[in-house]
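This briefing is intended to be read alongside the sequence and the three-dimensional view.

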Amino acid sequence: MRPPSYKAIVDELAAAIRGGGLPAGSRLPTHRELARERRIALATATRVYAELAAMGLVVGEPGRGTFVRDLSGYDGLEPSRALPVARVADLSFNQPLAQGQADLLRLALRELATSGGIESLLRQHPPGGRRHDRAVVATYLLGRGIDTVPANVLLAGGTQHALDAVLRGLTRPGDVLAADALTYPGVKLAARAHGLDLAAVPVTPTGPDLDALARLCELRPVRAIYAIPTVHNPLGWVLDARQRARLVEIARAHDCVIVEDGTYAFLETAAPPPLQALAPERTCYLAGLSKNVATGLRFGFAVLPDRHVAAVTGTLRTAGWGMPGLVTAVATGWLADGTVAKLEDHRRADAAARQDIARAELAGMDVTAHPASYLVWLGLEPHQRPDQVAASLAADGILVSTADAFATGSFRPHALRLALGTPALEDLAPALRRLREAIEAIPP
Ligand SMILES: Cc1ncc(COP(=O)(O)O)c(C=O)c1O
């Protein structure tokens, strides 16, 4: 019997992975074992795994072996959609990871395993976190210009969790929440879930239209203003000191809570002080470790004025009793030992490098982007339908978001939002080139 061609082995393994016969995390035979089992040359076995890796189905971990990748959810595409394409570039969701970060996790878990007091991770942590864990976050926040105390810091399972808890804790269904006409989609989800009336504030490439915000607050009883002053999602803006002062002045004049989202703020170290520093009496500052460390970690926090701490602690308790101890131990360990600071240095350089690539590949197109940001807002011509462009790119394995996802009101420009942080660096330029071709191929 002739040995099977390498292509037949690739097809067989790919079908087993897609069909679930080889579930995520399965360790595949070593190259040598595969060669022996299938009676093929070692170089052919290596080629089989290289092809499966290029299809995004397996990942090789040096010294450990080859494993089936988790294709569900945001880590790439659904398996059924991932199949026809050799390479996948997810430009729809930012989850930057430095090379070798898995090793940091291995090390942290090993250290935890041998540390004293590990039993405390099996006991219930209070809603908002233990005091000494909150203290670690408070110290970290000094580097962001936020001077607070552990009692005003509440830990949560990511920024979105903190946002949901703050909105639920501080508003009632029917309250008006002002948010940029284009903004982070998670605030729309939370507002809808809680029955809030989302009022869209017109945007410019350099910030919200603050005159329009002031008018809105005069006309309607705005309870809270959701703002991303530093490295906005999706437009990338960094508000200057005057804009920040004006926003705070409007919030004070109308007694609004400010919900400041600092998720991407670590990317711009030269930004003016956060709104929280200007108006600590009314600002709920939210951030987390998704973009600077790892999205899957699910660790975030809120800094709250005294008068709001009890209400938000209550909503955190309702949503999940307390913080997961293991995640908190890893996250606070990395905050305290400087790992987060190092990863943030890496991310700043990484984001800048990716913006350089985007600037070169998209030269001459209608790009709105901040040089420190991981995001690009790409305006399209009227005949270029964002949904058509997105569908054509998806068939090629390139995922993008359309403006609709970010729209809080009726302003839905013909535009795409590109998240540059997820693909391997070497895949970014080809993906953007393909994107440009797809857009320019649409006849006027
Ligand atoms: C502005 C903004 N806020 C919050 C989040 C959610 O962050 P987390 O993963 O910490 O919940 C994101 C994620 O993309 C974001 O862009």
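In this predicted model, the ligand is surrounded by G158, T159, Q160, Y184, I228, N233, D261, T263, Y264, S290, K291 and R298. Sorted by class, this shell comprises 3 nonpolar, 6 polar and 3 charged residues.

**Polar contacts and cover of the ligand**

- The side chain of D261 places an N or O atom 2.6 Å from a nitrogen atom of the ligand.
- N233 also contributes through its side chain, with a polar atom 2.8 Å from an oxygen atom of the ligand.
- Q160 contributes through its backbone: an N or O atom there lies 2.8 Å from a ligand oxygen atom.
- On its own, the ligand has 390 Å² of accessible area, and the protein covers 93% of that area.

**Confidence of the prediction**

- The average pLDDT of the protein chain is 92, and 95% of the residues score at least 70.
- Residues 73-84 have a pLDDT below 50. In the model, this stretch makes 18 contacts beyond near neighbours in sequence.

**The three-stranded sheet**

- Three strands form an open sheet in the order β1-β3-β2, and their pairing is antiparallel.
- At the edges are β1 (27-28) and β2 (58-61), each of which pairs on one side only.
- The antiparallel pairing of β1 with β3 (residues 65-68) spans 2 bridges. Within this sheet, R27 has F67 of β3 as its bridge partner.
- β2 and β3 also run antiparallel and are joined by 4 bridges. G60 stands opposite T66 in β3.
- A hairpin is formed by β2 and β3, with 3 residues between the two strands. G63, in the turn, has a positive phi of about 80 degrees.

**Backbone geometry in two loops**

- As background, most residues other than glycine have a negative phi, and most peptide bonds are trans.
- The peptide bond from N233 to P234 is cis, and its omega is near 15 degrees. P234 belongs to the loop between β10 (222-227) and α10 (241-253).
- D255 is a residue other than glycine with a positive phi, near 50 degrees. The loop that holds D255 lies between α10 and β11 (257-261).

Definitions and conventions: Residues are numbered from 1 along each chain as its sequence is written. Side-chain values use heavy atoms; hydrogens and water are left out. A residue is near a molecule or strand if one of its heavy atoms lies within 4 Å of it. A polar contact is a pair of N or O atoms within 3.5 Å; within protein, one must be able to donate a hydrogen and the other to accept it, and residues adjacent in sequence count only if both atoms are side-chain atoms. Accessible areas come from the Shrake-Rupley method with a 1.4 Å probe; for residues, only the protein chains shown count as cover. Ala, Val, Leu, Ile, Met, Phe, Trp, Tyr, Cys and Pro count as nonpolar, Asp, Glu, Lys and Arg as charged, and the others, Gly among them, as polar. pLDDT is the predictor's confidence in each residue, from 0 to 100. Contact means heavy atoms within 4.5 Å. Two strands pair if DSSP finds at least two bridges between them.
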